[in-house]
Amino acid sequence: MKHIFPLREDIIEAEKRIQRYIHKTPIITSQTINKITGSNVYFKCENLQKAGAFKMRGAINAVVSLTEEQKKYGVATHSSGNHAQSLALSAQLHNIKAHIVMPSSAPQVKVNAVREYGAEVTISEPTLEARERTLQEVVLRTNAFFISPYDNSTVIAGQATAAKELLDEMPDLEYILCPVGGGGLLSGCLLACKYFYPKTKVIAGEPENANDTFLSLQNKKKMPPSNVFTIADGLRTSLGNINFEIISHFSPSIITVSEDEIIQAMKTLWERTKLIIESSSSVPFAAVLKQKKLFQNKKIGIILSGGNVDLTKLPF
């Protein structure tokens, strides 16, 4: 593996570095969910993380790691919401400016939260090309330091701490499942398991309508996402370069799920666990419901990636 990949020490350092800024999120289980799935499921509740998502781990790790020179003009990124909120909060905690490009399709609740954390928001067209072009303009104008939502090894090391925390508490998990969009969380989970818990297998859930990771692994090259709509707004993004390198190195199973399966899984989790999770969070649980046989009687961990939901636009 290339040296740009986070090393074992990078994840250990990240864990120490971010400890004071994040919540050690709870792990919950539900007898009803276990009955429905036929397996023993443990949810790592990153929906209860600061800024409402696991993205806080990577964002704060990246901000804390910046030099004084890099902090000088603030930080910038493009994000549909959770990385935007996390970076805005991380910048606010360090008294530096945050410049965030958000697509016009981003939930209003996420845009409002980013502004509440003191960031300057620029709205772009919803395509990835438009987001990246607008970001370039913002960086040229402000000289802010770009922190990618996923294509950044310091961010990946931060995300890896979610899986490490879960496995430190539950070392005998047979599987860890997470959603995949840009690949930051999946990369982090794969590295955390390799370095600390090699017996645990990592599987990702991905929407059928945004299945570029599945296609990239199948074709052994990074495939562009098609601009197909998925309700899982946090996963409407393209796989990052470092992320593709890490993910293709390990070649984990990717289970794709339909829009109906995502909505049903989200509804079940709201009803049965009483947890508010966003649609992207329900994707790995939808994968478990779809492949019950694979997980039968297994002990599995699912990272509930976020809970930033626009309550005016619930799908059920």
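**Figure 1. Helix α3 and the elements that cover its buried residues.** In this predicted model, the buried residues of α3 are covered by elements that include α1 (8-18), β2 (40-45), α4 (68-71), α5 (82-93) and α8 (153-169). Helices (H or I, at least four residues) and strands (E, at least two) are DSSP runs, numbered from the N terminus. Nine of the ten residues of helix α3 (residues 55-64) are buried, so the helix is largely enclosed by the rest of the structure. The buried residues are K55, M56, R57, G58, A59, I60, N61, A62 and V63. Buried denotes under 20% relative accessible area, exposed over 50%, and partly exposed in between (1.4 Å probe, protein chains only). Residues are numbered from 1 along each chain as its sequence is written, and side-chain values use heavy atoms, with hydrogens and water left out. As the model is predicted, local features need pLDDT of at least 70 and side-chain atom pairs count only at pLDDT 80 or more, whereas totals for chains, interfaces and linings use all residues.

Figure 2. Two strands pair if DSSP finds at least two bridges between them. β2 pairs in the antiparallel sense with strand β1 (residues 27-28) over two bridges, and K44 of β2 is the bridge partner of I27. β2 also runs parallel to strand β10 (residues 299-304), to which six bridges join it; here N40 stands opposite K299 of β10. Five of the six residues of β2 are buried, and the strand is mostly covered.

**Figure 3. Pairing of strands β7 and β10.** Strand β7 (residues 175-179) is joined to β10 by three bridges in the parallel sense. Y175 stands opposite I300 in β10.

**Figure 4. The four-stranded parallel sheet.** An open sheet of four strands, paired in parallel, has the order β5-β4-β3-β6. Its edges are formed by β5 (120-124) and β6 (145-146), each with a single partner strand, so one side of each lacks a neighbour in the sheet. Strand β3 (residues 75-78) pairs with β6 in the parallel sense over two bridges. The bridge partner of V75 is F145 in β6.

Figure 5. L186 lies in helix α9 (residues 184-196) and is buried, with a relative accessible area of 0%. Leaving aside neighbours within four places in sequence, L186 is in contact (heavy atoms within 4.5 Å) with C178, V180, V202, A204, I247, P252 and I254. The C-alpha atoms of L186 and G118 are separated by 29 Å, these residues being 68 apart along the chain.

Figure 6. T37 belongs to helix α2 (residues 31-37) and counts as buried at 2% relative accessibility. When residues up to four places away in sequence are not counted, T37 touches F285, V288, L289 and K292.

**Figure 7. Two loop residues with positive phi.** N95 is placed in the loop between α5 and β4 (98-103). Although N95 is not a glycine, its phi is positive, at about 55°, and at 74% relative accessibility N95 counts as exposed. K274 is found in the loop between α12 (259-273) and α13 (279-290). Phi of K274, a residue other than glycine, has a positive value near 65°; K274 likewise counts as exposed, with 64% relative accessibility.

**Figure 8. The whole chain as context for the close-up views.** The secondary structure of the protein comes to 14 helices and ten strands. The radius of gyration is 18 Å, close to the 20 Å that the globule rule gives for 316 residues, so the protein is as compact as a globular protein of that length. This radius is taken over C-alpha atoms, and the rule is 2.2 Å times the number of residues to the power 0.38. The C-alpha trace spans about 55 × 40 × 40 Å along its principal axes, and 60% of the 316 residues count as buried. Among contacts between residues at least 6 apart in sequence, 74% join residues at least 24 apart.
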